[in-house]
Amino acid sequence: MNENQLSKRLERVGAFVPEQSRLADIGSDHAYLPVALMLQNKLSFAVAGEVVKGPYESAKKQIQKNDLQEKIVVRLADGLEAVTAADAIDVVTICGMGGALIRSILDAGWNNQHLQGTERLILQPNIGEKTLRDWLTDHGYTILDEDILEENHKIYEIIVAAREKRRIAYTEKERLFGPILLKKRSAIFLKKWQQELKQREYVLKQLAQATGEHEEKTARMQAELLQIKEVLADES
Ligand code: SAM
């Protein structure tokens, strides 16, 4: 992967960024995404935020190499502290992290008002999608689109959300599977949930053999297992 040849995962994230956006890419590492989108003339301005010195330096180098210092600002900061209201950011991308970490970045941004609530969020959690959809639902976001893809034997989900007038109370099922992914039912979606089914069956077997109190976990796993079976069997 480089700034001219993004990974399939980041390319699909980039496809959700509207033309002429002012983007904040949080956890930008090499700044591949903002640099590639800027080179495609898709952005008018970008902030690349990084909390770790090494990736921050790599992002700076990448931007200098492409002579984009005037258009992409790199900031060493924790999460959304990388952006200010003056940046007038309208799209935030947070990719390649666990859903719980993305959730905590959004939550801190919400509480310290670095997240205005007007930005389109394009999130690509590696795991923990449900906890992210829980946060989005609780904070009045509508899920505008979703994508699922496989790259290097890993399955990734992308969630696009914004706060709109209509507020949707997503069900537990929609939060687990993704309201739009559920409707699209792509081959990769079905493959992911076949794998999740096997994994839960394995855990349930282990729990049945384990000593100690596991009733709560077992009940949760069984409920999810049932839901997954229903979704996989749903031919409608
Ligand atoms: N976003 C890129 C991608 O999807 O390929 C890089 C993903 S990399 C696995 C995660 C990056 O997020 C790391 O460079 C890490 O330092 C950064 N990161 C983790 N927590 C962060 C936070 N609270 N604020 C900013 N960056 C963070």
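In this predicted model, 16 residues sit around the ligand, and the ones that come nearest are Arg9, Gly27, Glu50, Asp78 and Gly79. Two of these five also show up with specific atom pairs. Glu50 uses its side chain: one of its N or O atoms is 2.4 Å from an oxygen atom of the ligand. Gly79 works through its backbone instead, with an N or O atom 2.8 Å from a ligand nitrogen. Cys95 likewise brings in a backbone N or O atom, here 3.1 Å from a nitrogen atom of the ligand.

Stepping back to the overall layout, the chain splits into domain 1, covering 8–168, and domain 2, covering 188–233. Their C-alpha centres are 31 Å apart. Where the two meet, 6 residues of domain 1 touch 5 residues of domain 2. The size of an interface is often quoted as the accessible area that is lost when the parts come together. For this pair of domains the figure is about 510 Å², and carbon and sulfur atoms account for 62% of it. On the domain 1 side, Ile148, Glu150 and Ile155 do much of the work: they supply 76% of the area that domain 1 buries against domain 2, more than any other three residues.

What about charge at this boundary? Side chains of opposite charge can pair when their charged atoms come close. Across the interface there are 3 salt bridges. Lys191 pairs with Glu150 in a salt bridge, with the closest N and O atoms 3.0 Å apart. Polar contacts between domain 1 and domain 2 come to 3 residue pairs. As for which elements of domain 1 face domain 2, strand 6 (141–151) and strand 7 (154–163) are the ones that give two or more residues to that side. Strand 6 gives the most, with 3 residues. By residue type, the domain 1 side is made up of 3 nonpolar and 3 charged residues, with no polar ones.

Over the model as a whole, the salt-bridge count comes to 15. One of them joins the side chains of Asp147 and Arg12, 2.7 Å from N to O. Asp147 belongs to strand 6 and Arg12 to helix 1 (residues 8–14), so this pair ties together parts that are 135 residues apart in sequence. Strand 6 therefore has a part in two stories: this link to helix 1, and the side of domain 1 that touches domain 2, to which strand 6 gives 3 residues.

Conventions
Residues numbered from 1 in each chain as written. Predicted model: local features only at pLDDT ≥ 70, side-chain atom pairs only at ≥ 80, totals over all residues. Heavy atoms only, no water. Domains from an automatic or database assignment. Contact = heavy atoms within 4.5 Å. Buried area = accessible area lost by both parts, 1.4 Å probe. Salt bridge = Lys/Arg side-chain N within 4 Å of Asp/Glu carboxyl O. Polar contact = N/O pair within 3.5 Å; in protein donor to acceptor, adjacent residues only side chain to side chain. Helix = DSSP H or I, 4+ residues; strand = E, 2+ residues; numbered from the N terminus. Nonpolar A, V, L, I, M, F, W, Y, C, P; charged D, E, K, R; others polar. Near = heavy atom within 4 Å.
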